[in-house]
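I opened my notebook to record what I looked up. The structure comes first, then my entries.

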Amino acid sequence: MDLSIALPKGRLMDNTMKYLKEAGIDLDLKKNRELVQSVDGNKVVLSKPSDVPVYVEHGIDIGIAGSDVLEERKSDVFVPIELDFGRCRLSVAVPEEKDVSVEDFEGYTIATEYPNLTSEYFEEMNISIKIVGLDGSVEVAPRISIADAIVDIVETGRTLKANDLVEIEKIMDVSALFMVNRISQKVRFEEINELVEKLKEV
Amino acid sequence: MKKDIFSESERLDSIAAEVRSVFKRWGYKEIFLPSVAEHDEDLKKGLKITYENEFYAVKPDPTSQIALSFKDGLPIRKFYLREILDGINGTFQAGIEYLCDDTLKNKVEILNILISVLERLDIEDFYVDVGSLEIWRKTIEDIKEYEEEIFKALRRRNLSLIDDLSIPLDKKEELWNLLNLRDKRCGFEKIDRLMDLIDDERLYADLGTVRPLPYYDDIIFEIYSPRVGFPIGAGGEYRVGGSHGCGFALNLELISEIYEIEEDDDFVEVDGDLKASYERARELVKDGEKVRMGI
């Protein structure tokens, strides 16, 4: 199809490939570490999930990533459909021994990979917090006393449990999204609409 | 990495000169807006600051600044070239505003000027998508309780959000059809009339991909080129008090990405004796010539 496509490395990758294949884009990616690959005339960019919306906003035609990273990055892209995988939630969690609700968080330090969503959430509640921005393994922060709580993705809750944390509030539901660059949508209108239709049917 | 301000400015200077000349040829006068404006809820963008316990916006959106300064005396034809701040991020923009009582004429004029300025810049591969907020508002009149979700769906072109609404299937289909309506004609009189009056193949009726900015009243448009990943400009019609305005703004930095700078060889080279050469140059400039002094 001669498209440029940003794909998320990590937990969403397998389902992403499956969905695209069923929609008619079978990408036989090389198993080496090449991050930009040419596959059947398409240019595939393998990126951190949080960078996918940024690539799509800046000119990559299409991409797939979670709604969490799109909302965090505030990227200006089209999102024609939500995909039926990658379902989880962005939640607030605290050490098990703490008996608190988010209303009690005034002055708390919160570790997260989602500083924008976290500050927006607490600002809306008029609660003043301090954010420690981390890039992965956020669950560690309360255990080593650099944060009172965390805001992170929760899928099954097992990681939280393994780190003596308990989920106390959901901020948002998360699912995988199909993203389209605003200009690509206009310039390749029919082509992208057909692809969206096929993805809807998967 | 720091920007190369000198080389970028050379390009912006060339673009700004062309844009300014086109606006002036269409009879528009430049408006010089103060960089700092007192805070007002209707003032868009800008860097919000406090100074001596008062709130201000630095380099806010000029359209809202002009609208707030407007008293009376139509028609008004103004343009501006300046940096606009959104928080601490700035973009250089050129914009034009036409306020008059003839709501069809102001759109026709503004869209013609838009085409003419891009042609003057030798950017031929551009498109202008024209949408209408009023058509959307009318379509959802009977399901007004979902207006917020529907406009959210429109901003993101999100079919799933419409899918999830508890509305009849035929209404969903009507909304999907609107989102997918992009053609030379759309069956809605107000857009089709514009298409007829501005007979240019680069204009499209588009009800599903034009960003529905909140301060526009009805007709909105977005300007883009396949060579740039972002819209290079946007515009639309708005209300100021009881009057109607229409305008657009072009992002000069994005235009710079596709603009081919042309050497201006219309200069008289002046060289030689220091005193005599500058005296001659002064005479030439007085007569309206452009001079380039020897190194």
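Entry 1, terms and ground rules. I take helices (H or I, at least four residues) and strands (E, at least two) as DSSP runs, numbered from the N terminus. This is a predicted model: local features need pLDDT of at least 70, side-chain atom pairs count only at pLDDT 80 or more, and totals for chains, interfaces and linings use all residues. Residues are numbered from 1 along each chain as its sequence is written, chains are lettered from A and ligands numbered from 1 in the order in which they are written, and side-chain values use heavy atoms, with hydrogens and water left out.

I looked up one residue to start. Glu18(B) sits in helix H1 (residues 5-25) of chain B. What does Glu18(B) contact, leaving aside its neighbours within four places in sequence? I found Arg120(B), Leu121(B) and Tyr259(B). Contact here means heavy atoms within 4.5 Å. I also checked Leu118(B): it is 100 residues from Glu18(B) in sequence, and the C-alpha atoms are 9.5 Å apart.

I traced an open sheet of nine strands with mixed pairing, in the order S1-S5-S6-S12-S11-S10-S7-S9-S8 (chain B). Two strands pair if DSSP finds at least two bridges between them. Strand S1 (29-30) and strand S8 (182-183) of chain B are at the edges, each with a single partner strand, so one side of each has no neighbour in the sheet. S1(B) runs parallel to strand S5 (residues 76-86) of chain B, and two bridges join them. In S5(B), Phe79(B) is the bridge partner of Glu30(B). Helix H3 (residues 103-120) of chain B packs on this sheet, and the strands it touches include S5, strand S6 (89-100) and strand S12 (243-251) of chain B. Its direction makes about 15° with that of S12(B). Axes are lines fitted to C-alpha atoms, for helices over the stretch in contact, and angles run from 0 to 180 degrees between N-to-C directions.

I found five strands in an open sheet, ordered S8-S7-S9-S6-S10 (chain A), with mixed pairing. Strand S8 (130-133) and strand S10 (165-174) of chain A are the edge strands, and each pairs on one side only. From one strand to the next, the twist averages 25°. Strand S6 (residues 88-95) and strand S9 (residues 149-154) of chain A pair antiparallel over five bridges. Val92(A) has Val151(A) as its bridge partner in S9(A). Helix H4 (residues 115-124) of chain A lies across S6, strand S7 (109-112), S8, S9 and S10 of chain A, at about 145° to S7(A).

How many residues are in contact between chain A and chain B? I noted 23 residues of chain A and 25 residues of chain B. The buried area is about 2,000 Å², and carbon and sulfur atoms give 52% of it. Buried area is the accessible area (1.4 Å probe) that two parts lose on being put together, summed over both. Ile183(A), Lys186(A) and Phe189(A) supply 31% of the area that chain A buries against chain B, more than any other three residues.

A salt bridge is a side-chain nitrogen of Lys or Arg within 4 Å of a carboxyl oxygen of Asp or Glu. I counted five between chain A and chain B. Lys186(A) forms one with Glu222(B), the closest N and O atoms being 2.8 Å apart. Arg211(B) and Asp76(A) form a salt bridge too, at 2.6 Å from N to O. Arg211(B) lies in the loop between S9 and S10 of chain B and Asp76(A) in the loop between H3 and S5 of chain A, so this pair joins two chains.
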